[in-house]
Amino acid sequence: MDRVIGIDIGGTNLRIGIVDRSGTIHNFEKISSRGLCESEGLENFITLIKTYIHRTGNNGKISDLAGLGQDD
């Protein structure tokens, strides 16, 4: 089953969850976004996502398709 990761990055917290094709949310978490403001912010972000995928048992279940949205 293909799944995608949805991420909302705020000034205090980052919210991350996995959504399947039927719209069901799996493994929703709220995490501090503090580490993203450091000089290694991008590396920290990538590590956070990889760790999240592994920890939630979703290796190989995330779709290769990617998208980016912005809420003004």
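The largest nonpolar core has eight residues, namely L14, I16, I18, F45, L48, I49, Y52 and I53. A nonpolar core here is a set of buried Ala, Val, Leu, Ile, Met, Phe, Trp, Tyr and Cys residues joined through side-chain atoms within 4.5 Å. β2 and α1 are the elements that give two or more residues to this core, and α1 gives the most, with five. The model is predicted, so local features need pLDDT of at least 70 and side-chain atom pairs count only at pLDDT 80 or more, while totals for chains, interfaces and linings use all residues. Residues are numbered from 1 along each chain as its sequence is written, and side-chain values use heavy atoms, with hydrogens and water left out.

**Strands**

- Helices (H or I, at least four residues) and strands (E, at least two) are DSSP runs, numbered from the N terminus.
- Strand β1 (residues 3-9) runs antiparallel to β2 and is joined to it by seven bridges; two strands pair if DSSP finds at least two bridges between them.
- I5 stands opposite I18 in β2, and I18 is also one of the core residues.
- The hairpin from β1 to β2 passes through three residues.
- β2 also pairs with β3 in the antiparallel sense, over six bridges, and N13 stands opposite S32 in β3.
- Four residues lie between β2 and β3 in their hairpin, and G23 in this turn has a positive phi of about 90°.
- Six of the eight residues of strand β2 (residues 13-20) are buried, so the strand is mostly covered; buried means under 20% relative accessible area, exposed over 50%, and partly exposed in between (1.4 Å probe, protein chains only).
- N27 has its place in strand β3 and a positive phi of about 55°, although it is not a glycine.
- With a relative accessibility of 33%, N27 counts as partly exposed.

**Helix α1**

- α1 has 15 residues and spans 21 Å from its first C-alpha to its last, close to the 21 Å expected at 1.5 Å a residue; the expected span is 1.5 Å times one less than the number of residues.
- G41, F45, L48, I49, Y52 and I53 are the buried residues of α1.
- Seen down the helix axis, these buried residues fall within an arc of 125°, so they line one face of α1; the arc is that of the directions from the helix axis to the C-beta atoms.
- An α-helix has 3.6 residues a turn, so residues three or four places apart point the same way.
- The exposed residues K50 and H54 are carried on the face of α1 turned away from its buried side.
- The buried residues of α1 pack against β1, β2 and β3.
- Leaving out residues up to four places away in sequence, Y52 touches I16, G17, I18, H26, N27, F28 and E29; contact means heavy atoms within 4.5 Å.
- G57 follows α1 and has a positive phi, near 75°.

**Salt bridge**

- A search of the whole structure finds one salt bridge, defined as a side-chain nitrogen of Lys or Arg within 4 Å of a carboxyl oxygen of Asp or Glu.
- R55 forms this salt bridge with E29, and the closest N and O atoms are 2.5 Å apart.
- R55 lies in helix α1 (residues 41-55) and E29 in strand β3 (residues 25-32), so the pair ties together parts that are 26 residues apart in sequence.
- R55 is partly exposed, at a relative accessible area of 47%, and E29 is partly exposed at 22%.
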